[in-house]
Amino acid sequence: MRLNKFLGSAALALGAAFTFTSAVAADITGAGATFPYPIYAKWAEEYKKATGNGLNYQSIGSGGGIKQIKAKTVDFGASDMPLKPEELESSGLIQFPAIMGGVVPIVNVEGVAPGQMKLNGKVLGDIFLGKITKWNAPEIAALNQGVKLPGEEITVVHRSDGSGTTFIFADYLSKVNPEFKSTIGVGTAVKWPTGVGGKGNEGVAANVQRIKNSIGYVEYAYAKRNKMSHTQMQNREGQFVQPDDDSFKAAAAFADWAKTPGMGVLLTDQPGKTSWPMTGASFILMHKTQADSAKAKEVLKFFEWSYKNGGNMAAELDYVAMPAPVIKLVQDAWKAQLKDESGKAVW
């Protein structure tokens, strides 16, 4: 993997936005999810080299991406929370998956190495509910025999902005922890009963690095890039698994894209002995009726190129590329649903 080499470069340092621009009118704009930011940045860099066309993507969180595409201030929005069919219809939007990856818990506990600590959904949910407050609590100790756990207070770190990463995290915990479901629930923004907030995956990672005895959740690339201590998770089959592209692929193997309305597949708590339980897809949102069909076509050209050429780049950053049958479903949807103002197909 060449994650550190890529993400460590000054030109592509993780932050609020990246811009790859050229002087031609083909430059496109997008905004939203921070979850896929590292791979979108890499794709944009290589696409610029290949075509000369630029992309400006604002990494502002899924909630912001949904708002901006609805307001028509960007060419596409990005969200890790798929919109429901009725919301797509009422807003005149189409959505399609671009990439898959995993959300991981990260901890800053002295003496605990990356991938050493084991958690399950019940315990993780209770930590974020504020019910389990110390690292040497019996519930954590029972899962981690032989691991030296301090008797220190746990500081919870969560997202402060509207976030698809939060949606994936909360969707999983709501499936495996009934009290989490009834108390906190599922959404891009939820009311956390405890902890401190961070903006973006970047903000959560920075806070966990700064605060001793803390726990947070980020997209896996951010954990790797910052050399943070992720945890193992017990999956639906009772197996403890490590996060990586293989365990994300295992979860994605059970997705039924064709039969899911709006292709809004949820990949949390999937079956399979090697499946990572907090796997998710990231989605692109566009208006079905395009005032500027040429600009819309440029967006589709970018994602067509990324589907075709971006698989190895995705694997290097521990994302999972969309399978060929899903790409065909996506491109069929482009042809059927994206029109200019006269009703002519854009693609």
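How far apart are the mean positions of the positive and negative charges of the protein? Keep that in mind as you look through this predicted model.

1. **Charges.** The protein carries 37 positive and 32 negative charges, and their mean positions are 1 Å apart.

2. **Overall build.** You can find 14 helices and 15 strands in the protein. Its C-alpha trace spans about 65 × 40 × 35 Å along the principal axes. The radius of gyration is 20 Å, which agrees with a compact globule, because a globule of 347 residues would have a value near 20 Å.

3. Of the 347 residues, 58% are buried. The exposed surface comes to about 13900 Å², with carbon and sulfur atoms supplying 49% of that area.

4. **Links along the chain.** Take the contacts between residues at least 6 apart in sequence: 77% of them join residues at least 24 apart.

5. Nonpolar side chains tend to be buried together in soluble globular proteins. Here, the largest nonpolar core has 108 residues, and the members that touch the most others are Ile-127, Phe-128, Ile-215, Trp-257 and Met-286. Strand S5, residues 93-108, gives the most to this core, with 10 residues.

6. **A closer look at Met-286.** Which residues does Met-286 contact, leaving aside its neighbours within four places in sequence? Among them are Ile-69, Asp-75 and Phe-76, then Gly-92, Leu-93, Ile-94 and Phe-96. Met-286 is also in contact with Ala-296, Val-299, Leu-300 and Leu-338.

How values were computed. Residues are numbered from 1 along each chain as its sequence is written. This is a predicted model: local features need pLDDT of at least 70, side-chain atom pairs count only at pLDDT 80 or more; totals for chains, interfaces and linings use all residues. Side-chain values use heavy atoms; hydrogens and water are left out. Helices (H or I, at least four residues) and strands (E, at least two) are DSSP runs, numbered from the N terminus. The radius of gyration is taken over C-alpha atoms; the globule rule is 2.2 Å times the number of residues to the power 0.38. Buried means under 20% relative accessible area, exposed over 50%, partly exposed in between (1.4 Å probe, protein chains only). Contact means heavy atoms within 4.5 Å. Accessible areas come from the Shrake-Rupley method with a 1.4 Å probe; for residues, only the protein chains shown count as cover. Lys and Arg count as positive and Asp and Glu as negative; His and the chain ends are not counted. The place of a charge is taken as NZ of Lys, CZ of Arg, CG of Asp or CD of Glu. A nonpolar core is a set of buried Ala, Val, Leu, Ile, Met, Phe, Trp, Tyr and Cys residues joined through side-chain atoms within 4.5 Å.
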